[in-house]
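Please keep the structure open while you read.

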Amino acid sequence: MSTLRVILGDQLSPKISSLQGFDASKDTILMCEIWNEATYVKHHKKKIAFLFSAMRHFAEELKASGYRVEYVKLNDRDNTGFFKTEVERTVKKYNFDYVVVTHPGEYRVLRDMLTWEQDLGIPVKIKLDDRFLCTTDEFAKWAKDKKQLRMENFYREMRKKHSILMNDSDPVGGQWNYDSENRQPPKSGLKIPKPYSSNADGISQEVIDMVSEHFSGHFGDLDPFYFAVTRDQALQSLQMFIEHRLKDFGAYQDAMIEGEPWMYHSHIGFYLNCGLLLPMECVKAAEEAFYQDKAPLNSVEGFIRQIIGWREFVRGIYWLKMPDYANENFFGAKRNLPNFYWTADTKMNCIHQCVLETKKNAYAHHIQRLMVLGNFALISGIDPVQVNEWFLSVYADAYEWVELPNVSGMILFADGGYLASKPYAAGANYINKMSNYCKNCSYKVKEKNGPDACPFNYLYWDFLVRNRDQLQSNHRVSMMYKTYDRMDEDKKNAIRHDSQKLLDTLSQ
């Protein structure tokens, strides 16, 4: 039987399960640039260009390896703009008997795929995505009967299962987690290596021109275009991180410096999440660096935890809790997303810097996302649906399976503590400690109230007051209510007044 093998834009690996058993005499690969995928949220221009360029490069590599590939470009005359109709058009064109596709990364795509078999009138096989290290069934079994899920417990099970940084049944170094060593603030004199960057070739430039023409109304800058768009380039990016950044990654992974968007982070989320890199090869590269004394244990363990811990954990939660998870709103937050998340037009320098860097790079590292951009959205009560759409739109490594649990669960506590044990709300002191943003800010970090006070200071307390019924029984937050209750009435009134004034401004 002839088989149409469909490869999605985040499945750019020759080891993808949909290619297993490929018969060169009968089978064809279909890859499509889909209008609906580029526009169901208004993705960052650079994100669209990166993914379409990587897809086109991957298709060329497949052809060079002897695969028959049917590739539909975005502006092809007959492009219908949707996955199902493109599959249907190709099936009819070549009279295929069978369709094979790897399980998609997003619920809405799976929901569409589950209609293909009936609508196409031929069998459709949705195969397991075995790039991940924990299947959805395994995660569901682990999560069964647990009222709250904690990543640390899951992470330890993953370490044991895959024998990563283990001495038999014990963790290398005697500890599972070295986070206590990974919270150093930035210091003067840090020499941060340049990040990986590649020049746009002819394929990439063609895509960039197309995106510039068709998506001019989308957020973000197209230039400079620096992404790896082939597997070889992605491997170079990984190697640069291992050799030049990993040793300092742990200590400064939470640090933020104005004008240094990349810091010591790996920036491989782009390539992991679209398939150019595989999780275990990244884990093994870091583990080998430790055993060769090229990187300390705290850095290596912290990096590995992000991949086999957080990445696998949030995917498990996504597929366990969808579709209801997308509507979680524990605090009943209703405020609209402020326009400065798109324009960077705010006197808060930390947000100004993070939005500008997001606009330029389609990237911000995890503390910028969590403790600046996300923290403000949390304490000012922004609607989770709007916050999720923004994060999904602006970051080139964002797909709903990874974005939604991180935003709704970790950043906004919208699931009421299913993923995280407490809201990651913080005042200005945290940002001042972990960055140099406050030095160039119009507001004063030490001022708690009044027109010169940093809004994070009073909004933090106002957030706790607004949500006291939901949070005062949380043992990780309850002490802050005792502190608030000891404040005099003038102080409480000032918090309420300053917060309401700012929140009214946001609403306008």
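1. Start with the second largest cavity: helix H11 (269–274) and helix H13 (297–321) each give at least two residues to its lining. H13 supplies the largest share, three residues. Helices here are DSSP runs (H or I, at least four residues), numbered from the N terminus.

2. A cavity is a set of points on a 1 Å grid over the protein atoms alone where a 1.4 Å probe fits but cannot get out, and lining residues have an atom within 4 Å of a point. This is a predicted model, in which local features need pLDDT of at least 70 and side-chain atom pairs count only at pLDDT 80 or more, while totals for chains, interfaces and linings use all residues. Residues are numbered from 1 along each chain as its sequence is written, and side-chain values use heavy atoms, with hydrogens and water left out.

3. Around the second largest cavity are 18 lining residues, and Asp10, Asp129, Arg131, Phe132 and Trp401 lie nearest its centre. Its volume, the space filled by probe spheres set on the points (joined across faces, edges and corners), is about 140 Å³.

4. Now find the largest cavity, with about 360 Å³ of space. Its lining has 23 residues; nearest the centre are Gly9, Asp10, Glu37, Leu51 and Tyr399. Helices H1 (35–39), H2 (45–64) and H4 (107–113) each give two or more residues to this lining, and H2 gives the most, with five.

5. How many cavities of 30 Å³ or more are there? The count is five.

Technical notes. On a 1 Å grid over the protein atoms alone, a cavity is a set of points where a 1.4 Å probe fits but cannot get out, and a pocket is an open set with protein on both sides within 12 Å along at least five of seven lines; lining residues have an atom within 4 Å of a point.
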